[in-house]
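Me: I've got a model open and want to talk through some of its packing and backbone details. Can you take my questions one at a time?

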Amino acid sequence: MTNLGTDQNPLLVAIVGSGPSGFYAAEALIKSEVKVKVDVLERLPSPFGLVRSGVAPDHQKLKQAIKLYEKIAESPDFNLIANVTVGTDISVKELRDAYHAIIFTCGAESDRKLGVPGEDLKGSYTATEFVGWYNGHPDYRDREFDLSHDIAVIIGQGNVAADVSRILSKTIDELKHTDIAQHALDALAESKIKEIHVIGRRGPAQAKFTPKELREFGELSDCEPVVLEQDLLLNPESEKELEEKSNISSKKIYDLFCEFSKREPDTAKSKKCFFSFLMSPKELIGDTTLERIIFEKNKLSGESFKQSARGTGETIELETGILFRSIGYRGIPVEGVPFNESWGTIPNDKGRVTDSENNVVDQLYTAGWIKRGPSGIIGTNRACSVETVECLIQDLEKLNSSTKKSGAKAIYSKLDIKSIRHINFEDWKKVDTSEIELGEVKDKPREKYTSIHEMLSVIK
Amino acid sequence: MTTIVTDNCKDCRFTDCVTVCPVACFHYDDDMLYIDPDVCIDCSACIPECPVQAIYEGDDIPEDKENWIEINAERAPNLPVCEEQMDPLPGAEERKEALGF
């Protein structure tokens with residue numbers, strides 16, 4: 001049998017998911033010393049995952065990561081098979097038959113639950129839905145958010161919570177030249193929200209924003225950031241955390257909160273964004289629609305860097321009709337692939353998928369959020385995908401197969417039998433060009449197509 | 001807004017930053033790394049990776065390091081891209097200690 005990874009017998013890899021991790025995995029494979037053919041499967045007609053539909057529309061510079069992905073896609077060893085859902089259109093078994101290896105980079109598409117009564121009341125939304133909606137993700141374009149309330153609450157203090165809060169805090173003028181979906185711009189133009197409360201379960205020294213994201217709240221044209229000075233008192237363990245030189249990011253965040261607390265409030269601004277700490281929701285109250293939230297005050301316990309929030313028994317109520325839960329994402333299981341229910345990830349050892357007994361499952365690999373959980377930013381996934389691909393290349397000998405693998409060809413014939421339309425990167429470029437043209441008229445970087453049908457009709 | 005590498009990198013060149021750069025915008029010479037401002041997307045993933053805190057972003061750049069904005073912009077485009085982590089320069093650990101890290 002010819003060695004795998006040669007011109008005669010190239011390593012055939014399917015990557016499931018075309019977000020950053022998928023592209024970085026493809027890049028690492030293509031740049032490796034072995035001959036590869038990489039097919040990236042994507043359930044939407046549009047690639048780039050959360051760079052397209054997660055990164056906030058007012059962060060256009062971050063979206064330029066796409067330029068690198070486009071360069072990767074130019075490689076003759078790269079192929080996109082989009083508009084195809086693994087698990088329904090194509091099974092994992094079929095992928096295993098067609099490829100030497102499969103890398104799952106399908107991200108964390110679902111949300112962690114608060115686990116409190118009333119969570120499913122109308123008016124209680126996940127950050128994911130809202131982010132998907134303003135970013136024109138086809139799954140969320142028909143969502144409706146009641147923005148007619150004075151007060152909005154965001155639970156969570158990471159960058160997604162910051163994005164949601166910032167979008168609610170900005171004026172239409174601050175958003176209209178971004179690639180925000182038109183339906184979202186129209187709805188936000190009618191928003192009555194005046195107060196945005198961003199609430200964390202731990203203290204100001206443990207907030208997970210990046211300093212850059214937090215700093216933006218000090219620069220909004222019609223919204224003032226508010227932090228109460230008394231909320232910035234630290235326990236000795238938190239003080240110790242901030243003194244640690246390597247924890248400079250938390251120190252910067254804390255300093256920004258201090259800066260916000262000392263600001264002369266600009267009374268000309270019509271909105272306020274409050275950052276509050278040490279509170280956990282206990283119950284969401286309302287008949288069918290959210291009316292108020294009961295929070296329990298917390299205190300921190302444990303040693304530095306391992307402090308957790310413990311309820312004190314003291315409760316406070318906040319009247320609000322709209323809540324966004326942003327306490328983390330979790331992955332969705334794929335049939336035929338092991339899944340860790342409690343973490344919402346695919347169990348793995350450095351990217352090699354493992355079963356319930358911790359044994360490596362041949363052929364299957366994973367990278368990105370579905371591998372390690374929803375942490376880090378775009379670039380973090382590069383190191384993560386590189387690690388996975390290094391393992392895959394080490395396994396080369398084991399991945400060689402006595403039966404011939406036919407890669408994309410096998411997949412196309414299966415899709416054709418089922419009359420499932422698949423699109424490639426060239427097709428996508430037509431959608432891309434059309435979106436940019438539509439955006440030009442409105443002085444936006446692009447106007448996204450928000451339905452699969454619309455995208456497919458552009459390709460024809 | 002721009003993200004830059006400053007003098008703490010000099011004679012260290014740990015390159016931990018390179019592994020998390022989403023756009024491969026780090027370039028290197030014999031002494032240190034530089035960021036190409038035309039390629040960098042200011043995601044700040046690299047900042048916490050640096051063991052000697054040599055990287056700063058926009059509003060955070062100390063006044064006495066502002067000259068590095070120009071140095072990065074001038075040198076980076078003419079130097080090779082650093083795409084993968086390299087071994088730190090000899091003496092990097094000692095320098096790191098001397099810098100107080």
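Reply: Helices (H or I, at least four residues) and strands (E, at least two) are DSSP runs numbered from the N terminus. This is a predicted model, where local features need pLDDT of at least 70, side-chain atom pairs count only at pLDDT 80 or more, and totals for chains, interfaces and linings use all residues. Residues are numbered from 1 along each chain as its sequence is written, with chains lettered from A and ligands numbered from 1 in the order in which they are written.

Me: Which residues of α14(A) are buried?

Reply: Buried here takes 20 or more other C-beta atoms within 10 Å of a residue's own, exposed takes 12 or fewer, and partly exposed is in between, with C-beta atoms placed from the backbone. By that count, the buried residues of α14(A) are A:Thr380, A:Asn381, A:Arg382, A:Cys384, A:Ser385, A:Val386, A:Thr388, A:Val389 and A:Leu392.

Me: How far apart are the end C-alpha atoms of helix α14 of chain A?

Reply: The expected span is 1.5 Å times one less than the number of residues. For the 15 residues of α14 (380-394) of chain A that should give 21 Å, and the end C-alpha atoms agree with it at 22 Å.

Me: At what angle do α1(A) and helix α4 of chain A pack?

Reply: Axes are lines fitted to C-alpha atoms, for helices over the stretch in contact, and angles run from 0 to 180 degrees between N-to-C directions. Under 35 degrees is roughly parallel, over 145 roughly antiparallel, 65 to 115 roughly perpendicular and the rest oblique. α1(A) and α4(A) are therefore oblique to each other. With axes 10 Å apart, α1(A) and α4 (residues 65-73) of chain A pack at about 40°.

Me: Which residues make that contact between α1(A) and α4(A)?

Reply: Contact means C-beta atoms, placed from the backbone, within 7 Å. From α1(A) come A:Pro20, A:Phe23, A:Ala26, A:Glu27 and A:Ile30, and from α4(A) come A:Ala65, A:Tyr69 and A:Ile72.

Me: What is the handedness of the crossing of α6(A) and α7(A)?

Reply: The axes of α6 (residues 127-134) and α7 (residues 159-169) of chain A come within 10 Å and cross at roughly 55°. That makes α6(A) oblique to α7(A). A crossing is left-handed if the near helix is turned anticlockwise from the far one by less than a right angle, and right-handed if clockwise. The crossing of α6(A) and α7(A) is left-handed.

Me: Is A:Gln363 buried or exposed?

Reply: A:Gln363 lies in strand β18 of chain A, and its phi is positive, near 80°, in a residue other than glycine. Most residues other than glycine have a negative phi. With 22 other C-beta atoms within 10 Å, A:Gln363 is buried.

Me: Where is A:Phe305 found?

Reply: A:Phe305 has a positive phi too, about 70°, although it is not a glycine. A:Phe305 counts as partly exposed, with 13 C-beta neighbours inside 10 Å. It is found in the loop between β12 (290-301) and β13 (308-319) of chain A.

Me: Which residues does A:Arg421 touch, not counting those up to four places away in sequence?

Reply: A:Arg421 is found in the loop between α16 (408-417) and α17 (425-441) of chain A. With 15 C-beta neighbours inside 10 Å, A:Arg421 counts as partly exposed. The residues A:Arg421 touches are A:Asn83 and A:Leu456.

Notes
Two residues are in contact if their C-beta atoms, placed from the backbone, lie within 7 Å.
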